[in-house]
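Grab a pencil and let's work through a few exercises together. Each one has a task, then a solution in steps.

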Amino acid sequence: MPWTIGANAQAIQAAHLSQAAGEDVDETARSPVPSGDFTISQDQLVLMTRDHDHSALEEYGGVMGLSNYLNTNLEKGVCGDDADLQARRNAFGSNTYPRKQGKSFWIFLWEAWQDLTLIILIIAAVASMALGIKTEGIKKGWYDGVSISFAVILVIVVTAISDYRQSLQFQNLNEEKRNIYMEVVRGGRRVEVSIYDLVVGDIVPLNIGDQVPADGVFVSGHSLAIDESSMTGESKLVHKNSRQPFLMSGCKVADGSGTMLVTSVGINTEWGMLMTSISEDTGEETPLQVRLSGVTTFIGNVGLTLAAAVLIVVMARYFTGHTKNLDGSPQFQAGKTSVSSTVDGAVKIFMISVIIVVIAVPEGLPLAVTLTLAYSMRKMMADKALVRRLSACETMGSSTTICSDKTGTLTLNKMTVVEAYVGGEKMDSPNSSSQLPTTMVSLLTEGIAQNTNGSVFTPEGGEAVEVSGSPTEKAILCWGLELGMNFEATRSQSSIIHVCPFNSMKKRGGVALKLTNSEVHVHWKGAAEIVLSSCTQYMDLNDQVAALDEEKVMLFMKAIEDMAASSLRCVAIAYRTIDLKDIPTVEEQLTKWALPEDELILLAIVGLKDPCRPGVKDAVRKCQAAGVKVRMVTGDNLQTAKAIALECGILGSDADAIEPNLIEGRAFRALSEVQREETAEKISVMGRSSPNDKLLLVQALKKRGHVVAVTGDGTNDAPALHEADIGLAMGIQGTEVAKESSDIIILDDNFTSVVKVVRWGRSVYANIQKFIQFQLTINVAAIAINVIAAVSSGEVPLNTVQLLWVNLIQDTLAALALATEPPTDHLMHRPPVGRREPLITNIMWRNLLIQSFYQVCVLLVLNFRGRSLLNLENDSSDHANKVKNTLIFNAFVFCQIFNEFNARKPDELNVFKGVTRNHLFMVIVGVTLILQVIMIEFLGTFTSSVKLDWKQWLISIIIGLISWPLDTDVMLLQRFLSHCSTCVAQGIRDMMA
């Protein structure tokens with residue numbers, strides 16, 4: 001329970017504090033105690049913020065007095081040089097906390113050897129060693145047992161190393177997820193820093209959707225509401241003001257805006273104490289991993305059943321005298337064969353069953369998924385996509401539609417004012433105030449400077465002015481500067497009484513100002529047609545207020561439509577005056593007071609240009625070719641949305657720009673549920689949409705069977721991001737609330753990065769399918785060869801050590817080679833993978849069965865007729881048998897090496913295309929070849945094999961080489977037959993006509 005977590009954090013915190021300061025905390029402890037360069041100690045700050053001790057804050061002189069103790073200016077923040085920041089870290093700690101260590105390598109090693117198959121093999125190794133020493137003596141008898149043991153240890157170590165490396169990689173990616181970048185005020189300017197670089201004394205601006213980065217106190221703000229449920233368990237929003245000033249790290253800003261003074265960081269915050277006692281689970285299992293674990297279990301059970309059946313049949317053959325020695329005599333004769341020899345024979349038969357179990361269990365399948373996901377996640381980071389949930393990697397490959405924001409995703413998010421209507425007329429030059437009267441300029445600059453979340457910093461020495469804030473805010477502030485606005489001077493001429501923050505539902509924001517002459521101005525800024533609808537007057541170029549008659553309204557509406565048609569975002573600025581006595585004087589009433597939003601006086605309508613991102617049209621075209629429909633969902637004017645959609649290629653032509661292809665949010669939400677589902681299928685562009693409209697669209701599309709990906713950046717986008725199959729949050733403009741509700745964070749806010757995520761999603765699925773085809777071919781072929789040989793002769797050509805080596809090839813090396821295949825353009829020419837589509841497609845079955853059939857036929861021929869075919873009749877039976885079995889083992893491995901190339905491109909003719917660009921694949925194939933030569937030529941004692949001459953090596957390579965074109969030949973034959981059947985059908989139709 002969250003409440004319990006918060007209580008635990010307090011308990012832990014209290015324990016730490018009591019160790020540092022003793023249990024006695026009386027009133028004298030509130031007297032500031034110097035700490036380094038500061039006149040207040042860390043323990044005093046922690047006690048005050050932890051206990052939300054308002055009286056202690058007052059004794060320190062309130063927020064102003066506290067800032068003096070911390071050498072902080074409430075307007076300009078800390079000075080921010082390296083020496084000052086280091087002094088603060090030394091005195092109060094850094095904003096980091098020790099985390100629970102992940103699992104060590106030894107734990108992975110412990111887990112790896114607990115695999116049931118490996119335990120059976122260890123038992124078999126002991127039995128083999130005992131049998132060998134008994135029959136061949138200590139000098140040679142230990143070879144087989146030690147060989148199996150060494151192979152098992154090698155498999156355990158390789159598995160543990162692989163799992164440990166993936167664990168470290170996931171830990172690093174989790175660290176990236178936690179590393180939030182935020183704005184702080186240092187030296188009078190807003191700078192972006194990592195949350196880990198925050199120090200006590202920092203002044204932090206807070207806006208809707210932000211995470212509170214440390215413990216602190218409220219400095220200033222309006223309608224600041226905090227969601228503290230993560231710490232207290234209470235879902236009710238807490239409004240922060242001078243009476244409730246304490247802010248807790250880890251909570252989210254639900255509404256309003258403000259600034260805070262940081263008083264505790266890192267382990268000295270409740271959130272930090274929590275994080276030291278919680279380790280993040282990186283063991284998330286994706287749906288595909290769950291499915292493959294089921295497949296592995298099923299195949300393993302089949303293998304165990306086969307092994308049991310073989311054990312029974314071969315035991316029956318043995319005890320009925322049908323199993324022969326090399327000289328043709330029965331191995332068992334009732335009443336004649338000694339008990340010791342009978343036990344030896346039974347142990348050998350048991351070893352045959354163990355061999356079948358070893359090759360039957362495809363432990364490599366889950367490993368292949370893990371490797372593919374880890375590789376893809378690392379590469380996606382390079383492509384500006386941070387994966388928060390592993391399952392999103394898979395799901396993205398199945399997405400059938402992407403609902404994308406416009407601003408910053410399809411466009412550059414670099415806005416400038418390029419057109420302006422002021423005083424009822426279009427300005428010749430929007431950036432010149434020469435044609436504007438004084439009062440008009442004064443009101444415009446007043447509204448621009450005060451009704452904003454942005455800021456303007458003027459450096460000393462005549463350097464360029466620095467403007468910060470959202471792209472829209474920056475563009476309007478820059479326009480204000482062009483009109484002659486002095487940001488600081490303008491703000492000092494009035495004081496803010498109340499603020500109505502901008503949100504995506506109302507699409508406007510306002511501020512009430514008290515001027516030095518006690519006059520009150522209420523300024524509004526927002527979507528042009530919405531603000532215009534609240535205006536009853538406008539100010540003309542003579543500084544006169546004139547009535548906004550129907551003709552003038554039509555003129556302004558035409559201006560808005562013209563600007564929107566030119567893909568400009570239209571923003572209106574308006575104001576009105578109110579009587580001071582109409583404003584509540586009690587703070588609680590003022591907090592709930594709604595700013596007057598009627599009878600406004602229109603001052604200006606500006607058009608902001610936000611150009612399309614380079615390459616976005618090509619990215620949209622790629623999605624469409626891949627069967628993924630791109631839909632634009634934006635809060636902008638419908639005409640602006642239409643112009644951008646045409647520019648991006650989401651709409652093909654003006655002929656497509658009709659309802660329901662092009663629809664307003666309010667029209668969509670007014671439809672019934674059934675109508676929404678039908679309409680959603682056709683929507684390409686939704687303008688003037690609210691976050692709830694986006695949620696309704698996602699729900700309607702999912703009901704129609706779509707796999708939906710959604711982009712979002714605002715707090716209100718969180719429900720749609722959570723509802724979608726894949727939520728894509730924007731890394732630059734996205735709020736922390738949006739990011740936490742998402743599955744993937746697009747770090748550069750670029751739509752082309754979204755398309756790369758689709759490619760990687762398809763690549764994950766394709767690479768796993770490649771490995772499944774490759775591994776199951778080995779399983780089917782090896783099981784068939786050994787089962788048929790065991791049942792027919794009581795002996796198997798492929799022994800335990802050899803199959804463990806093949807297992808190592810398929811489980812680790814092949815998984816690594818095939819899992820790291822980079823995505824190709826070919827993937828984007830296929831339709832999306834269906835959510836319930838079988839893992840093994842018809843093409844895979846065809847390739848798998850062809851390869852298995854070929855390998856089984858060729859190797860069984862060698863097994864039963866190898867002596868004559870290889871001219872070994874004159875050799876001793878024992879040596880001839882070893883040469884034949886070695887050749888079978890060698891040819892089997894070469895078949896897998898060549899089949900690895902086939903598995904790269906299951907549905908393409910040219911399986912070597914792009915192979916040289918995958919350096920890891922080439923290295924793994926090369927290493928496998930070298931190790932195979934070493935196994936045959938130098939480690940024969942341990943693998944029960946003998947050296948082969950050059951002719952036998954050539955035979956092995958040729959057998960493997962023939963397996964390569966088989967898939968291609970069958971594919972060509974299929975295409976030829978398909979073409980023939982089409983021609984015949986066409987001929988019949990022509991004859992009938």
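Buried means under 20% relative accessible area, exposed means over 50%, and partly exposed is in between (1.4 Å probe, protein chains only). The model is predicted, so to speak for local features pLDDT must be at least 70, side-chain atom pairs count only at pLDDT 80 or more, and totals for chains, interfaces and linings use all residues. Residues are numbered from 1 along each chain as its sequence is written, and side-chain values use heavy atoms, with hydrogens and water left out.

**Exercise 1.** Classify Tyr60: buried or exposed?

*Solution.* Tyr60 has 4% relative accessibility, so it counts as buried.

**Exercise 2.** Sort out the aromatic pairs, starting with how many there are.

*Solution.*
- Start with the rule: rings of Phe, Tyr and Trp (its six-membered ring) pair if their centres lie within 6.5 Å; planes under 30 degrees apart are stacked, over 60 edge-to-face, the rest tilted.
- The count comes to 13 aromatic pairs.
- One of them is Tyr60 with Tyr69, at 6.1 Å centre to centre and 85° between the planes, which is edge-to-face.
- Phe105 and Trp106 are also an edge-to-face pair, with 5.6 Å between centres and 70° between planes.
- Phe105 is partly exposed at 22%, while Trp106 is exposed at 63%.
- Phe105, Trp106, Phe108 and Tyr164 make up one aromatic cluster.

**Exercise 3.** Which ring does Arg508 lie over?

*Solution.*
- A charge sits over a ring if NZ of Lys or CZ of Arg is within 6 Å of the ring centre and within 35 degrees of the ring normal.
- Arg508 lies over the face of Trp524, 5.5 Å from the ring centre.
- Likewise, the charged end of Arg904 sits over the ring of Phe921, 5.6 Å from its centre.
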